[in-house]
Amino acid sequence: MSFSKLKPKTTVSRPVQRVAQNAKKKQVRNQVVFFDYRDDRKLRRFINEQGKIIPRRITGLSAKEQRLLTKSIKWARHLAIIPFVSNQIR
Amino acid sequence: MKKLYETTIVVDGGLDESVIAATVEKVTGLITSLGCEVKTVLDVGRKNLAYPIGKATIGYYVHIEFESDGTALKELERQYRLNESIIRFLTIILDKRLLEMRERVLKYGAPPQTSEDNSSEGEEFVEEKKSSE
């Protein structure tokens with residue numbers, strides 16, 4: 001008897017949490033991200049002072065975008081548009 | 001199947017203008033002679049390299065877009081390696097994802113130098129793209 005009363009409670013409480021989480025994610029996604037491997041100014045936003053690629057949890061990019069970003073950064077490094085390691089450290 | 005490719009060459013910036021112009025012309029000529037269709041040539045000009053390559057500290061960047069079925073690429077890259085004034089090169093496929101991102105750069109970012117030739121191509125792409133955002 002007591003179980004049947006408890007069950008609806010749990011199912012009700014869960015969706016409320018989920019809606020709140022989704023709302024938070026959408027706010028982050030509102031910012032527009034853009035970069036081009038040919039343009040060092042735009043890529044420098046996504047590397048730290050050492051020249052390392054900033055992880056996805058901080059850039060807030062989608063997996064698809066982050067994959068393209070890492071590729072773009074590696075292309076740019078090969079062409080000497082951005083450094084592998086920054087000059088101060090070398 | 002024909003695909004859109006983009007090749008970037010970095011010519012040693014310490015060389016004379018005439019030598020650089022000759023190498024760029026040679027490369028575009030080579031691409032057409034290999035049966036590919038050159039779409040746009042974006043000449044960025046001299047830029048400081050992020051790190052020295054050999055003895056060069058300045059590079060002359062040229063981006064060439066062309067359409068090919070892929071058979072010419074091997075020969076093209078072999079020629080790049082033989083050419084001593086080219087210090088770096090990169091050939092990539094311009095797929096839908098990359099073009100989409102480039103369109104976004106044009107829309108929200110400050111346009112890069114001499115990107116006027118590219119803008120018309122970007123507009124064509126708007127029609128294909130679904131309004132996902």
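Modeller: Helices (H or I, at least four residues) and strands (E, at least two) are DSSP runs, numbered from the N terminus. This is a predicted model, where local features need pLDDT of at least 70, side-chain atom pairs count only at pLDDT 80 or more, and totals for chains, interfaces and linings use all residues. Residues are numbered from 1 along each chain as written, chains are lettered from A and ligands numbered from 1 in written order, and side-chain values use heavy atoms, without hydrogens or water.

Start with the total. Over all chains, a search of the whole structure finds eleven salt bridges (a side-chain nitrogen of Lys or Arg within 4 Å of a carboxyl oxygen of Asp or Glu).

Take the pairs between chains. Arg38(A) bridges to Glu6(B), and their closest N and O atoms are 3.3 Å apart. This pair crosses between chains. Arg38(A) sits in the loop between helix H1 (2-29) and helix H2 (40-43) of chain A, while Glu6(B) belongs to strand E1 (residues 3-12) of chain B. Arg38(A) and Glu6(B) are both buried (under 20% relative accessible area; exposed is over 50%, partly exposed in between; 1.4 Å probe, protein chains only).

Next comes Arg104(B). Its salt bridge partner is Glu65(A), with the closest N and O atoms 3.0 Å apart. Arg104(B) lies in helix H3 (residues 96-108) of chain B and Glu65(A) in helix H4 of chain A, so the pair joins two chains. Here too, both Arg104(B) and Glu65(A) are buried.

Now a bridge inside chain B. Arg46(B) and Glu17(B) meet through their side chains at 2.6 Å, N to O. The pair links distant parts of the chain, 29 residues apart. Arg46(B) is in strand E2 (residues 37-53), and Glu17(B) is in helix H1 of chain B. Arg46(B) counts as partly exposed because its relative accessible area is 37%. Glu17(B) is at 48% relative accessibility, so it also counts as partly exposed. Some bridges share partners: Asp36(A), Arg38(A), Glu6(B) and Arg102(B) are joined into one network.

Now the setting in chain B. The chain has four helices and four strands. Along the sequence, they follow the pattern β-α-β-β-α-β-α-α. Of its 133 residues, 42% count as buried.

Stay with helix H1 (residues 17-33) of chain B, which also holds Thr23(B). Thr23(B) is buried because its relative accessible area is 6%. From Thr23(B) to Tyr61(B) the gap is 38 residues in sequence and 12 Å in space, C-alpha to C-alpha. Val24(B) is in helix H1 of chain B as well. At 11% relative accessibility, Val24(B) is buried. Val24(B) and Asp43(B) are 19 residues apart in sequence, and their C-alpha atoms are 9.4 Å apart.

Helix H2 (residues 73-82) of chain B has two sides. Leu73(B), Leu76(B) and Tyr80(B) are buried. They span an arc of only 60° around the axis, which puts them on the same side of H2(B) (the arc is that of the directions from the helix axis to the C-beta atoms). On the other side of H2(B), Lys74(B), Arg81(B) and Leu82(B) are exposed.

Last, back to chain A. Ala80(A) is in the segment after H4. The phi of Ala80(A) is near 60°, a positive value in a residue other than glycine. Ala80(A) has 0% relative accessibility, so it counts as buried.
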